[in-house]
Amino acid sequence: MLPEVALQNVSRDDVDRVAWWLEDRELSSRWFGHYGCGDPMHRGYDPRHMIEASQWEWDGVFGDSDRLIFSIYTPTKEHIGECQMVMQADGGAELSVLIGVKDLWHRGYGTSTVMELLDKVFGEYGVDRAWVNVPEDNAAALGLFEKLGFAREATRELCTRPDGSALNACVLTIDSPLRRDPWRESPPVVTLAGLPGSGSEAIGAEVARITGSRFMDSEISERLRRRLRCSHGELESLEASHRSYWTRLLRAIVIPMEWSASYDVGYYYFRPEPKLDADVLEEHVTKRGYVEGLAAVVRRIAMERNVVLHGHGAHLYVPSNVGALKVFVTASLEFRQRQVAVERGLSGDEAQQWLQRRDRDVVSIFKHLYGADLMDMGQYDLAVNVDRLAPQAAAQMVVGPLHTAARGAVPVTAPG
């Protein structure tokens with residue numbers, strides 16, 4: 001899980017700490033959007049000067065509606081960094097983030113801060129596009145922004161190093177999910193699958209929220225039920241019958257999977273129930289009918305576009321011409337065990353036993369009902385591991401390649 005951060009108004013003590021942070025040459029070089037080529041540089045104000053600035057000057061800097069500056073705090077009230085949003089007249093905003101406590105680097109605080117900033121610029125301020133300037137040798141920062149869906153658009157020179165060589169920055173951009181370009185004009189189709197306890201449902205719901213799409217899970221079952229003219233209990237019974245060899249054998253003995261016409265006639269005319277009309281013969285859900293019906297339902301939903309489909313083997317039945325992004329959510333057993341223990345109020349051992357049974361059941365249902373291996377990563381375009389990610393961050397990882405593909409870039413491929 002990502003750590004929590006809070007964006008607060010800047011105090012003079014905060015500015016004093018920023019000034020000391022920037023005395024560290026390695027740290028000053030990580031100031032996103034700026035790089036200290038020689039003396040440490042800071043965006044928007046001189047920290048050493050502002051410590052003693054008048055209230056009038058202070059209000060002019062930190063009350064500027066075109067440059068919003070926030071201090072980054074942890075839930076334990078520790079000041080760990082600063083971030084800024086520079087608003088542009090064309091409806092865009094430039095973002096920058098500095099995590100000043102080096103011991104907290106590579107622990108998710110930068111990611112959490114950027115996500116808070118994106119919520120502000122897109123949600124509170126209605127910005128169309130956000131971008132960052134990242135020094136090209138800052139691989140960690142480049143990876144952070146690309147993970148959250150930013151795309152590289154250009155390169156520009158920041159300054160000249162002491163040895164005379166040029167230092168370049170990569171310009172990375174991300175569009176608001178409310179913009180028509182790209183996915184409002186080419187609505188996305190996303191499928192998500194994952195083992196129990198992975199949180200795939202929460203991630204799918206968040207992807208739908210970000211992209212303005214419909215999230216469908218139980219609705220898939222409801223449409224299938226209506227198509228097959230059966231009850232939810234019958235659907236659940238068929239699915240449950242494929243959990244193991246013995247349940248499949250029992251169902252084959254008690255209720256044949258494929259009903260012949262002669263069997264139907266014998267059943268209806270010789271069972272001890274009088275006054276049967278030919279037009280009210282009882283429906284029976286068969287494996288073939290279930291799979292064909294499910295495929296038809298998923299195809300229909302996918303053709304409607306602008307939808308996120310969760311579970312139900314949806315990735316197996318989306319038409320190839322739709323161009324869906326197929327995502328598998330992975331998580332360690334330990335992570336899933338903790339999630340299940342919290343959600344179901346179980347002890348650690350009980351959660352582990354529950355997961356082991358459910359994993360076995362889900363994999364078996366996929367194999368024997370859908371005819372597919374749930375864990376075959378070759379059938380997915382993207383695998384997202386959530387051991388250290390909140391659902392919001394994982395959703396951004398899905399939206400990033402979705403956004404890039406919608407803009408006509410190289411198609412997304414399965415991670416190696």
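Angles under 35 degrees count as roughly parallel, over 145 as roughly antiparallel, 65 to 115 as roughly perpendicular and the rest as oblique. By that scale, helix 12 and helix 14 are roughly perpendicular to each other. This is a predicted model, in which local features need pLDDT of at least 70, side-chain atom pairs count only at pLDDT 80 or more, and totals for chains, interfaces and linings use all residues. Residues are numbered from 1 along each chain as its sequence is written, and side-chain values use heavy atoms, with hydrogens and water left out.

**The sheet**

- Five strands form an open sheet in the order 9-10-8-11-12, with parallel pairing. (Helices, H or I of at least four residues, and strands, E of at least two, are DSSP runs numbered from the N terminus; two strands pair if DSSP finds at least two bridges between them.)
- Strand 9 (214-216) and strand 12 (382-385) stand at the edges with a single partner strand each, so one side of each has no neighbour in the sheet.
- Neighbouring strands of this sheet are turned by 20 degrees against each other on average, direction ignored.
- Strand 8 (residues 189-194) pairs with strand 11 (residues 325-330) in the parallel sense, over five bridges. Thr191 has Lys326 in strand 11 as its bridge partner.

**Helices on the sheet**

- Helix 7 (residues 200-211) packs on the sheet and touches strand 8, strand 9, strand 10 (307-310) and strand 11. Contact means heavy atoms within 4.5 Å.
- The direction of helix 7 makes about 165 degrees with that of strand 8. (Axes are lines fitted to C-alpha atoms, for helices over the stretch in contact; angles run from 0 to 180 degrees between N-to-C directions.)
- Helix 8 (residues 218-228) also packs on the sheet, touching strand 9 and strand 10. Its direction makes about 65 degrees with that of strand 9.

**Helix against helix**

- Helix 12 (residues 287-304) and helix 14 (residues 348-370) pack at about 100 degrees, with their axes 10 Å apart.
- Lys287, Tyr290, Val291 and Leu294 of helix 12 meet His368, Leu369 and Tyr370 of helix 14.
- This contact has five nonpolar residues, one polar and one charged. (Ala, Val, Leu, Ile, Met, Phe, Trp, Tyr, Cys and Pro count as nonpolar, Asp, Glu, Lys and Arg as charged, and the others, Gly among them, as polar.)
- Helix 13 and helix 14 pack at about 110 degrees, with axes 8 Å apart. Helix 13 is therefore roughly perpendicular to helix 14.
- The contact of helix 13 with helix 14 includes Leu333 and Arg336 of helix 13 and Trp354 and Asp359 of helix 14. By class, it has six nonpolar, three polar and three charged residues.

**Pocket lining**

- Helix 14 supplies seven residues, the largest share of the lining of the largest pocket. (On a 1 Å grid over the protein atoms alone, a pocket is an open set of points where a 1.4 Å probe fits, with protein on both sides within 12 Å along at least five of seven lines; lining residues have an atom within 4 Å of a point.)
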